[in-house]
Amino acid sequence: SAPAAPPAPQPRAQPAPQPAAPQPRAPQARAQPARSDAAPAPRARPASARPASARSESARAEPARAESARAESARSESARAGSARPGRASPTAARPDPSATLEEKRARLELKRAIRERRRFERGEVKRFTKRSRRRRVALVTAAGFVVVLLVMLAVAVFSPILSLRTVDVRGTDRVDPATVRAAAADQFGTPLALLDVNAIGARLGDDPLIESFTTEVVPPSTLVISVVERQPVAVVAVGAQWRLVDPAGVVVQSLDTRPDGAPVLRLPAGDGIGSRAFTAEIGVLLSLPSDLRARVGWLEATTSDDVRFGLPDVGQRVFWGSADDGPLKAKVLAALIAAQKSGDKVEYNVSAPTSPFVGAIAPDTTDGGDSGG
């Protein structure tokens with residue numbers, strides 16, 4: 001009989017994969033061709049030639065491995081879904097511990113409180129370190145606001161018709177006609193007070209010989225006050241048939257046909273007029289006299305600045321004054337001489353040298369000429 005064939009080698013049973021991760025099957029290695037010097041290996045039989053017991057074990061293991069793979073895949077998908085959606089709790093997650101939740105809330109509150117305190121502290125530090133710059137900024141803003149207000153007020157004062165000239169108030173006039181002063185400012189009516197041309201007004205008033213000086217004052221909202229200082233005549237000069245009142249500067253204040261009362265007459269040498277050396281010497285002596293003595297003077301005459309004499313018509317006496325020097329001392333000496341002399345005596349007091357005065361009689365044929373200018 002023929003010899004029996006050797007039994008086929010049994011395949012080893014593969015262990016079941018762990019639930020954690022299914023392991024893929026290792027690919028079967030291809031059979032290497034046998035060397036020529038080695039004995040040929042027996043061929044493996046197909047699965048249909050395997051025994052029935054081996055095929056049944058392999059069939060039972062396949063469903064278990066598939067179920068394990070599906071369960072593991074489901075758990076992986078659930079874990080990925082839970083990590084992707086933190087707001088939704090997994091149905092399989094355990095319930096949170098109430099005490100742990102309360103501690104978390106307290107911790108969050110403490111954290112928020114600490115953040116607020118930190119922010120408050122930082123704001124305080126910022127204010128402290130920027131205090132100087134904030135003060136400087138406030139000062140600059142205040143100054144800028146003040147300048148703006150000032151400019152607005154200036155613009156209103158300069159260009160607003162509310163503050164334009166409508167009234168002229170004239171003060172200090174006696175001989176000067178107030179209407180003449182108002183006429184000098186006639187072209188300024190309707191002009192804003194800040195833009196008044198005072199020089200033009202002064203040019204017109206300067207032509208008036210009776211006005212020595214003037215001042216202007218703006219009184220809002222619409223008034224201009226003009227205060228006039230008139231020229232004060234101190235003496236009178238006879239020029240032909242007229243009597244001319246003159247001030248100390250020799251300006252003719254007024255011309256009259258008759259001699260005015262209360263003003264001494266200046267007797268000038270023939271050929272001399274107002275402004276001459278004799279005129280200046282007589283005016284200088286007249287102004288150096290005390291006011292009570294000046295009121296008694298009726299006339300003055302001189303040929304030079306050192307031989308001025310004047311008359312006292314109330315007592316019929318004369319005074320040789322000399323120059324205008326030492327006026328106060330001469331006035332005291334003269335007062336003493338007049339007090340020691342009888343009022344009716346026709347004498348002349350010589351005080352040209354006040355330290356050695358003397359009194360001389362007036363010759364009977366000498367007259368003081370009265371108060372006339374001849």
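User: In this predicted model, which residue does Arg128 meet in a salt bridge?

Analyst: In the predicted model, the side chain of Arg128 meets that of Glu125, at 2.8 Å from N to O.

User: Where do Arg128 and Glu125 sit relative to each other?

Analyst: Both belong to helix α2, three residues apart, which means about one helical turn separates them.

User: What does Glu122 pair with?

Analyst: Glu122 forms a salt bridge with Arg118, with 3.1 Å between the closest N and O atoms. These two are also in helix α2, four residues apart, or about one helical turn. Glu122 is partly exposed at 37% relative accessibility.

User: How many salt bridges are there in the whole structure?

Analyst: A search finds twelve. One of them joins Arg309 and Glu348, with the closest N and O atoms 3.3 Å apart. That pair links distant parts of the chain: Arg309 is in strand β9 and Glu348 in strand β11, 39 residues apart.

User: Which residues are in the network there?

Analyst: Arg309, Arg318 and Glu348, joined by salt bridges that share partners. Glu348 is buried at 16% relative accessible area, while Arg309 is partly exposed at 23%.

User: New topic. Which residues gather in the positive patch on the surface?

Analyst: Arg119, Arg123, Lys127, Lys131, Arg134, Arg135 and Arg137. Helices α2 and α3 each give two or more residues to the patch.

User: Which element gives the largest share?

Analyst: Helix α3, with four residues. Arg134 lies in that helix and is partly exposed, with a relative accessible area of 33%.

Technical notes:
Residues numbered from 1 in each chain as written. Predicted model: local features only at pLDDT ≥ 70, side-chain atom pairs only at ≥ 80, totals over all residues. Heavy atoms only, no water. Patch = residues over 30% accessible without salt bridge, like charges linked within 9 Å, V, L, I, M, F, W, Y side chains within 5 Å. Areas by Shrake-Rupley, 256 points an atom, 1.4 Å probe, with all protein chains shown as cover. Salt bridge = Lys/Arg side-chain N within 4 Å of Asp/Glu carboxyl O. Lys, Arg positive; Asp, Glu negative; His and termini not counted. Charge placed at Lys NZ, Arg CZ, Asp CG, Glu CD. Buried < 20%, exposed > 50% of the residue type's maximum accessible area, 1.4 Å probe, protein only.
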